[in-house]
Amino acid sequence: MQYTEIMVRYGELSTKGKNQRDFVSRLGGNIRKSLHNFPKLEIYPKRDRTHVTLNGEDSEAVIERLKQVFGIQNFSPSLKVDRNMKAIHEGVLKMMTDQLKPGMTFKINTRRSDHNFEMDTNELNDDLGGFVLDHFPEAVVKMHHPDLILRVEVRNNGVFLSSETIQGAGGLPVGTAGKGMMMLSGGIDSPVASYLGMKRGVDMEMIHFFSPPYTSEQALAKAKELTSHLAAYAGSLQFIQVPFTKIQEEIKEKVPEGYLMTVQRRMMLRIAVAIAKKRGGKAIFNGESLGQVASQTMESMEAINDVTNMPILRPVISLDKTEIIKKAKEIGTYDLSILPFEDCCTIFAPPAPKTKPDTERTRYYEKRIDVEGLMKEAIDGVQVSEIKAGQNFLNQNEDVFAELL
Ligand code: ATP
Ligand code: MG
């Protein structure tokens with residue numbers, strides 16, 4: 001069914017005044033960004049709803065894209081017809097041919113904001129109900145809980161027919177909560193944490209640490225590909241890659257094995273905080289889940305957290321691995337995450353990291369490396385790129401990719 005416009009309803013609009021205006025205009029901008037390759041669309045953000053006029057663009061494709069935009073509670077594709085009974089009948093016939101299956105019950109629900117129209121709501125309900133029964137003799141009218149409600153809205157600029165309410169992604173428009181820095185590995189958890197953070201309105205920037213030649217080009221490409229997947233929920237994302245080889249080599253050489261991981265994490269966190277401060281980020285996000293591995297005990301978090309007082313937010317902290325996997329499948333990152341390109345932490349992971357590192361000892365061992373100098377060198381080597389939804393990074397290495405699948 002080719003619709004003419006989509007009516008978008010908002011989620012949590014509990015805020016008022018300026019915040020509400022920010023919400024609405026930000027959502028309008030995000031919808032525009034996410035639908036950038038449908039040039040004929042027109043988007044009209046209003047206080048209570050946003051109208052997307054399709055102007056001939058493929059409504060199915062637009063609907064699929066809208067399902068990913070945070071801040072939308074639900075939306076209804078609709079068909080706009082001229083304000084006369086002949087046009088309304090033609091529209092109703094189209095809608096019902098598409099939606100009304102044999103044996104289904106239905107009702108017509110008319111609303112008029114234009115009271116000059118030739119029929120009132122009751123007359124319209126009667127006329128259109130009779131019209132549908134004439135064309136679909138098997139259909140049954142039912143006032144309470146029918147299978148299908150055909151909504152007819154008579155407005156000054158036309159008559160709008162709709163029958164479906166499609167669930168949106170919920171949450172808050174990306175950007176309304178401010179900027180956050182996501183520590184994105186190539187694993188399963190951090191992409192899910194990114195998604196959940198963005199869902200609460202965070203304008204997320206991805207920070208990825210990589211260690212050539214210990215980690216391959218594909219490991220970096222995988223993190224970028226994950227970012228391009230996640231960008232579907234934000235339009236585009238900044239990808240910040242940080243060279244981490246030298247730091248890992250230094251740590252490996254100078255820090256006792258049990259504390260390798262803790263010191264590595266402290267360095268990552270320091271660098272992430274420095275990047276956040278430079279770029280206006282208000283918090284660091286990561287994919288830690290309590291108790292999942294050695295680095296994710298509360299003692300370990302304490303020893304790592306020791307390097308900053310910037311908030312560290314952990315969207316998947318209380319989720320079980322199976323719950324995280326389920327979410328990863330839903331949002332489409334799982335298949336990428338399980339590709340076996342080694343991450344920098346996996347390669348330098350000690351066989352037996354301390355599950356309860358002591359903060360004082362960590363500080364003591366860390367004095368053996370040049371924290372400031374190493375940080376500066378890594379930050380000088382940072383590269384930032386903008387990644388758009390749907391951009392491909394892995395199929396440059398198609399052979400490798402095919403072999404692995
Ligand atoms: P994930 O599936 O997100 O990789 P994990 O269970 O494998 O998580 P760890 O490898 O211990 O856990 O990493 C914990 C968190 O540290 C990650 O969720 C991520 O936020 C961050 N992290 C780990 N490696 C990197 C990296 N190379 N670049 C950026 N952040 C990283
Ligand atoms: Mg990992």
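This is a predicted model: local features need pLDDT of at least 70, side-chain atom pairs count only at pLDDT 80 or more; totals for chains, interfaces and linings use all residues.
Local features need pLDDT of at least 70, side-chain atom pairs count only at pLDDT 80 or more, and totals for chains, interfaces and linings use all residues. Residues are numbered from 1 along each chain as its sequence is written, chains are lettered from A and ligands numbered from 1 in the order in which they are written, and side-chain values use heavy atoms, with hydrogens and water left out.

The chain has 405 residues, and 52% of them count as buried (under 20% relative accessible area, with a 1.4 Å probe and protein chains only). It holds 15 helices and 15 strands. These are DSSP runs numbered from the N terminus: helices are H or I with at least four residues, strands are E with at least two. Along the principal axes, the C-alpha atoms fill a box of roughly 85 × 50 × 35 Å. Contacts (heavy atoms within 4.5 Å) with a separation of 6 or more come 80% from residues 24 or more positions apart. Accessible areas follow the Shrake-Rupley method with a 1.4 Å probe; for residues, only the protein chains shown count as cover.

Ligand 1 has 21 residues around it (a heavy atom within 4 Å). Met183, Ser185, Asp189, Ser190 and Gln292 come nearest. The shell divides into nine nonpolar, nine polar and three charged residues. Nonpolar covers Ala, Val, Leu, Ile, Met, Phe, Trp, Tyr, Cys and Pro; charged covers Asp, Glu, Lys and Arg; the others, Gly among them, are polar. Strand β11 gives the most, with three residues.

A polar side-chain atom of Arg265 lies 3.0 Å from a ligand oxygen atom. Taken alone, ligand 1 exposes 570 Å², of which the protein buries 89%. Two or more shell residues come from each of α5 (189–199), β11 (202–210), α8 (260–279) and α12 (344–347).

Pro311 sits in the loop between α9 (298–305) and β14 (312–313). Its relative accessibility is 41%, so Pro311 counts as partly exposed (between 20% and 50%). Beyond neighbours within four places in sequence, Pro311 contacts Lys282, Ala283 and Ile284. Val273 is 38 residues from Pro311 in sequence, and their C-alpha atoms are 9.7 Å apart.

Conventions: A polar contact is a pair of N or O atoms within 3.5 Å; within protein, one must be able to donate a hydrogen and the other to accept it, and residues adjacent in sequence count only if both atoms are side-chain atoms.
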